[in-house]
Amino acid sequence: LLVQDELGESIRKFSPKPADYNEWDDEKKATNPGPWITAHAGVNRFVWDLRYPGSDRVPSDKTATESLLGPFVLPGKYQVQLSVGERVYTASFDVVNDPRSSVVQSDLIEQLDLLKRIYDKLSESNRAILRLRDVRSQLRTWRERLSEQEPIEAAIDTLTAAMDSVEDALIVP
């Protein structure tokens, strides 16, 4: 299921839950939580939350709930494409602004542009955290391999502590 704006730019893509989802470890499930579309014979229903994708996820970060949702789309014309096998079904629809709101479209566009830049920076920061965690894991492995070599162990410990302070500045531990 693909949602596009009136210019044909992709906004969100949704797919069925992977068949091997139950075998995934908790970390993989945390970084790929869905939402999933159903793919059963018969009537299926999917409700889109009218949002762009949120920021990249960091497993175990329970403080980032709002940033994972993504900003709302603007009022305007949209299209949805449902692919089933070789067939593609397309429908158009409108998203309308709350009639009680007096905000003008240009302000909404500015707000969305700012939110997209913020989400991009959050994603960049979260990817850096994931890289730090990967390097920290590699350092632990090297520390185990090179045990009893005190200068190397000390250097690894110093580097790990420095990486911890960087991560603590980027995310609430």
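Is the crossing of H2 and H3 left-handed or right-handed? The crossing is left-handed, a term used if the near helix is turned anticlockwise from the far one by less than a right angle, with right-handed used if clockwise. The views below come from a predicted model, in which local features need pLDDT of at least 70, side-chain atom pairs count only at pLDDT 80 or more, and totals for chains, interfaces and linings use all residues. Residues are numbered from 1 along each chain as its sequence is written, and side-chain values use heavy atoms, with hydrogens and water left out.

**View 1. Helices H2 and H3 in contact.** The axes of helix H2 (residues 105-145) and helix H3 (residues 150-170) come within 10 Å and cross at roughly 160°, and the two helices are therefore roughly antiparallel to each other (angles over 145 degrees count as such). Axes are lines fitted to C-alpha atoms, for helices over the stretch in contact, and angles run from 0 to 180 degrees between N-to-C directions. Among the contact residues (heavy atoms within 4.5 Å) are Ile129, Leu132 and Trp142 of H2, together with Ile156, Met163 and Leu170 of H3. By class, the contact of H2 with H3 has 11 nonpolar, two polar and seven charged residues; Ala, Val, Leu, Ile, Met, Phe, Trp, Tyr, Cys and Pro count as nonpolar, Asp, Glu, Lys and Arg as charged, and the others, Gly among them, as polar.

**View 2. The open sheet of four strands.** The strands follow the order E2-E1-E3-E4 with antiparallel pairing, where two strands pair if DSSP finds at least two bridges between them. Strand E2 (10-13) and strand E4 (87-95) stand at the edges with a single partner strand each, so one side of each is left without a neighbour in the sheet. From one strand to the next, the twist averages 20°. Helices (H or I, at least four residues) and strands (E, at least two) are DSSP runs, numbered from the N terminus.

**View 3. Strand E3 and its pairing with E1 and E4.** Four bridges join E1 (residues 2-5) to E3 (residues 76-84), and Leu2 stands opposite Gln81 in E3. Nine bridges pair E3 with E4, including the one in which Ser92 of E4 is the partner of Gln79. These two strands form a hairpin with two residues between them, and Gly85 in the turn has a positive phi of about 60°.

**View 4. Ser55 in the loop between helix H1 (26-31) and E3.** Ser55 is buried, with a relative accessible area of 5% (buried means under 20%, with a 1.4 Å probe and protein chains only). Not counting residues up to four places away in sequence, Ser55 touches Ser67, Leu68, Tyr119, Leu122, Ser123 and Asn126.

Definitions and conventions. Angles under 35 degrees count as roughly parallel, over 145 as roughly antiparallel, 65 to 115 as roughly perpendicular and the rest as oblique. Buried means under 20% relative accessible area, exposed over 50%, partly exposed in between (1.4 Å probe, protein chains only).
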